[in-house]
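Q: Could we go through this model together? I should like to begin with the overall picture and then turn to the details.
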Amino acid sequence: MSFNDIFKSSFLENVSEFSMIDTLLGLAAALVISLFIFVIYKKTLTGVMYSSSFALTLVGLSLVTTLVIMAVTSNVVLSLGMVGALSIVRFRTAIKEPVEIVFLFWSLASGIVIGAGMVPLAMIGSAIIGIVLLLFANRKIHSNPYILVLNLRDEKAEETALEILKQGVLQYTVKAKTINASGIELTAELRLQDATTTFINRIVEASGVEHATLVSYNGEYMS
């Protein structure tokens, strides 16, 4: 057996099993779903900064995974070699938000399902996942805790500010109180009834209130 015969039997015959139409349709479906994941990521982002590189990674990951699974499903020998090759890959990029893991696995799973030829399953599943994430993300906006810092002149101003606060928020808890020669500094954690923060304006307008600061708090950092 000559080298040409070996090359023909091991390479050209496998290439003959390649379908250009199936590949283009699969990649097109992966592109549509990955763009949908991209939009959901932007809509549900709760972090401080939007990462365009991570959003682009979601699209690329779905396309690459689809291409790999298409190759694996068409050749059993290639699938074994692919498993060994991928087992040595290590990803060391830090994940800033825990929810980003969900989007990475979502993009990866959609590529696997599309590459396996189950495009309707990928579309239906992605639609359900996207709706669930949107619902929970929009609900979370109104339940986020806030930190309120007040600089008060005296005890009477403190009583007035707390009364306005009681009427304007769902609940609040005093976390810290500092008294010095210049007045009182009060720190409280609170939950809003809705997205309205007009009660801060009424607190500042009260007599004896010198300064008020309201910040969103997620348990790790303030933004």
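A: A term is needed at the outset: a residue is called buried when its relative accessible area is under 20%, exposed when over 50%, and partly exposed in between. The model is a predicted one. Buried residues make up 30% of the 223 residues in the protein chain.

Q: How many helices and strands are there in the protein chain?
A: The protein chain has 8 helices and 4 strands. Along the sequence they follow the pattern α-α-α-α-α-α-β-α-β-β-α-β.

Q: And what share of the contacts with a separation of 6 or more comes from residues 24 or more positions apart?
A: Such residues account for 70% of those contacts in the protein chain.

Q: Let us take the sheet. In what order do the strands lie?
A: The 4 strands form an open sheet in the order β2-β3-β1-β4, with antiparallel pairing. β2 and β4 are the edge strands, each pairing on one side only. On average, neighbouring strands of this sheet are turned by 15 degrees against each other, direction ignored.

Q: How many bridges join each pair?
A: β2 and β3 are joined by 9 bridges. β1 pairs with β3 (residues 183-191) over 8 bridges, and with β4 (residues 209-216) over 7 bridges.

Q: Which residues stand opposite each other?
A: Valine 149 stands opposite threonine 187 in β3, and tyrosine 146 stands opposite serine 216 in β4. For glutamine 171, the bridge partner is arginine 191 in β3.

Q: Is strand β1 mostly covered or mostly open?
A: Strand β1, residues 145-152, is mostly covered, since 6 of its 8 residues are buried.

Q: Moving on to α7: what span should the helix have, and what does the model show?
A: Helix α7 covers residues 155-168, and its 14 residues should span 20 Å at 1.5 Å a residue. The end C-alpha atoms are 20 Å apart, which agrees.

Q: Which of its residues are buried?
A: The buried residues of α7 are Ala157, Glu158, Ala161, Leu162, Ile164, Leu165 and Gly168. Seen down the axis of α7, they fall within an arc of 165 degrees, so they line one face of the helix.

Q: Why would residues some places apart in sequence point the same way?
A: An α-helix has 3.6 residues a turn, so residues three or four places apart point the same way.

Q: What covers that buried side, and what does the other face carry?
A: The cover over the buried residues of α7 includes β1, β2 (171-180), β3, α8 (199-205) and β4. The face turned away from the buried side carries the exposed residues Glu155, Lys156, Lys166 and Gln167.

Q: Why does glutamate 155 count as exposed?
A: Its relative accessibility is 54%, and the cut-off for exposed is over 50%, so glutamate 155 counts as exposed. The C-alpha atoms of glutamate 155 and isoleucine 184 are 7.8 Å apart, although the two residues are 29 residues apart in sequence.

Q: What caps the N-terminal end of α7?
A: Aspartate 154 does: one of its side-chain oxygens lies 3.4 Å from the backbone nitrogen of lysine 156.

Q: A change of topic: what about α2?
A: Helix α2, residues 20-43, has 24 residues. From its first C-alpha to its last it reaches 35 Å, close to the 34 Å expected at 1.5 Å a residue. Its buried residues are Thr23, Gly26, Ala29, Ala30, Ile33, Ser34, Ile37, Ile40 and Tyr41.

Q: Where is threonine 66 found, and is it buried or exposed?
A: Threonine 66 is found in helix α3, and it is buried, with a relative accessible area of 0%. Leaving aside its neighbours within four places in sequence, threonine 66 is in contact with Gly26, Leu27, Ala30, Gly111, Ile114 and Gly115. Of these, Gly26 and Ala30 are among the buried residues of α2.

Q: And alanine 71?
A: Alanine 71 is also placed in helix α3, residues 52-74. At 24% relative accessibility, alanine 71 counts as partly exposed. Its C-alpha atom is separated by 9.8 Å from that of alanine 116, 45 residues apart along the chain.

Q: Last one: where is aspartate 194?
A: Aspartate 194 is in the loop between β3 and α8. With 37% relative accessibility, aspartate 194 counts as partly exposed. Aspartate 194 and valine 169 are 25 residues apart in sequence and 8.4 Å apart in space, C-alpha to C-alpha.

Methods
Residues are numbered from 1 along each chain as its sequence is written. This is a predicted model: local features need pLDDT of at least 70, side-chain atom pairs count only at pLDDT 80 or more; totals for chains, interfaces and linings use all residues. Side-chain values use heavy atoms; hydrogens and water are left out. Helices (H or I, at least four residues) and strands (E, at least two) are DSSP runs, numbered from the N terminus. Buried means under 20% relative accessible area, exposed over 50%, partly exposed in between (1.4 Å probe, protein chains only). Two strands pair if DSSP finds at least two bridges between them. The expected span of a helix is 1.5 Å times one less than its number of residues. The arc is that of the directions from the helix axis to the C-beta atoms. Contact means heavy atoms within 4.5 Å. A polar contact is a pair of N or O atoms within 3.5 Å; within protein, one must be able to donate a hydrogen and the other to accept it, and residues adjacent in sequence count only if both atoms are side-chain atoms. Axes are lines fitted to C-alpha atoms, for helices over the stretch in contact, and angles run from 0 to 180 degrees between N-to-C directions.
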